[in-house]
Amino acid sequence: MPLRGQQQTQEAQERANREREARRAWLIGDYAKGVAVLADLFLDTKNPTYIFNQGRCFEQNRQYLDAIARFQEFLRASASSELDPGDR
């Protein structure tokens, strides 16, 4: 496998591990950690889905104003991103 392909595979695996870490934090109620991991993922990928998932973490933690703010930011970020319209 070419070096570039190996690097992409490794990056994808690292991202999958971090996504799993965020989901695990969410499931055990460590919402602050889940939000922090999702923030790092967004900074690395610029994928606004991570912002949406931050909103879900806040919502599950009954921090509704923070959740609304994240959902609004998701709408702003996704409008200027390359997300498929069906994913918005």
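Cys-57 touches Trp-26, Tyr-31, Gly-34, Val-35 and Leu-38, not counting residues up to four places away in sequence. Cys-57 is also one of the 10 residues of the largest nonpolar core in this predicted model. The protein chain has four helices and zero strands, in the order α-α-α-α from the N terminus on.

**Nonpolar core**

- Besides Cys-57, the largest nonpolar core includes Ala-22, Tyr-31, Val-35, Val-37 and Leu-38. Leu-41, Tyr-50, Phe-58 and Ala-67 also belong to this core.
- Helices α2 and α3 each supply at least two residues of the core. The most comes from α2, which gives five residues.
- In soluble globular proteins, nonpolar side chains tend to be buried together.

**Helix α2**

- Helix α2 covers residues 31-45 and has 15 residues, which at 1.5 Å a residue should span 21 Å. Its end C-alpha atoms are 21 Å apart, in agreement with that value.
- Tyr-31, Gly-34, Val-35, Val-37, Leu-38 and Leu-41 are the buried residues of α2. They lie on the same side of α2, because they cover an arc of only 165° around the axis.
- An α-helix has 3.6 residues a turn, so residues three or four places apart point the same way.
- Ala-32, Leu-43 and Asp-44 are exposed on the other side of α2.

**Helix α3 and Gln-54**

- Gln-54 is part of helix α3, which comprises residues 49-60.
- Is Gln-54 buried or exposed? Gln-54 has a relative accessible area of 6%, below the 20% cut-off, so it counts as buried.
- Apart from neighbours within four places in sequence, Gln-54 is in contact with Val-35, Leu-38, Ala-39 and Arg-70. Of these, Val-35 and Leu-38 are among the buried residues of α2 and are also among the contacts of Cys-57.

**Helix α4 and Ser-78**

- Helix α4 (residues 64-79) has 16 residues and should span 22 Å at 1.5 Å a residue. The distance between its end C-alpha atoms is 23 Å, which agrees.
- Ala-67, Phe-74, Ala-77 and Ser-78 are buried in α4. Their arc around the axis is only 90°, which puts them on the same side of α4.
- The cover over the buried residues of α4 includes α3.
- Leu-65, Leu-75, Arg-76 and Ala-79 are exposed on the other side of α4.
- Ser-78 lies in α4 and is buried, with a relative accessible area of 1%. A polar atom of the Ser-78 side chain is 3.3 Å from the backbone oxygen of Leu-75.

**Loop between α2 and α3**

- Lys-46 is in the loop between α2 and α3, just after α2. Its phi is near 65°, a positive value in a residue other than glycine.
- Most residues other than glycine have a negative phi, and most peptide bonds are trans.
- Lys-46 counts as exposed, at 52% relative accessibility; the cut-off for this class is over 50%.
- Asn-47 is found in the loop between α2 and α3. With a relative accessible area of 27%, Asn-47 is partly exposed.
- The side chain of Asn-47 reaches the backbone nitrogen of Thr-49 at 2.9 Å.
- How far apart in space are Asn-47 and Ser-78, C-alpha to C-alpha? The distance is 8.1 Å, although Asn-47 and Ser-78 are 31 residues apart in sequence.

**Loop between α3 and α4**

- Arg-62 lies in the loop between α3 and α4. Arg-62 has a positive phi of about 60° although it is not a glycine.
- At 66% relative accessibility, Arg-62 counts as exposed.

**Whole chain**

- Buried residues account for 24% of the 88 residues in the protein chain.
- Of the contacts between residues at least 6 apart in sequence, 30% join residues at least 24 apart.
- The protein chain has an accessible surface of about 6,200 Å². Carbon and sulfur atoms hold 50% of this surface.

Notes
Residues are numbered from 1 along each chain as its sequence is written. This is a predicted model: local features need pLDDT of at least 70, side-chain atom pairs count only at pLDDT 80 or more; totals for chains, interfaces and linings use all residues. Side-chain values use heavy atoms; hydrogens and water are left out. Buried means under 20% relative accessible area, exposed over 50%, partly exposed in between (1.4 Å probe, protein chains only). Contact means heavy atoms within 4.5 Å. The expected span of a helix is 1.5 Å times one less than its number of residues. The arc is that of the directions from the helix axis to the C-beta atoms. Accessible areas come from the Shrake-Rupley method with a 1.4 Å probe; for residues, only the protein chains shown count as cover. A polar contact is a pair of N or O atoms within 3.5 Å; within protein, one must be able to donate a hydrogen and the other to accept it, and residues adjacent in sequence count only if both atoms are side-chain atoms. A nonpolar core is a set of buried Ala, Val, Leu, Ile, Met, Phe, Trp, Tyr and Cys residues joined through side-chain atoms within 4.5 Å.
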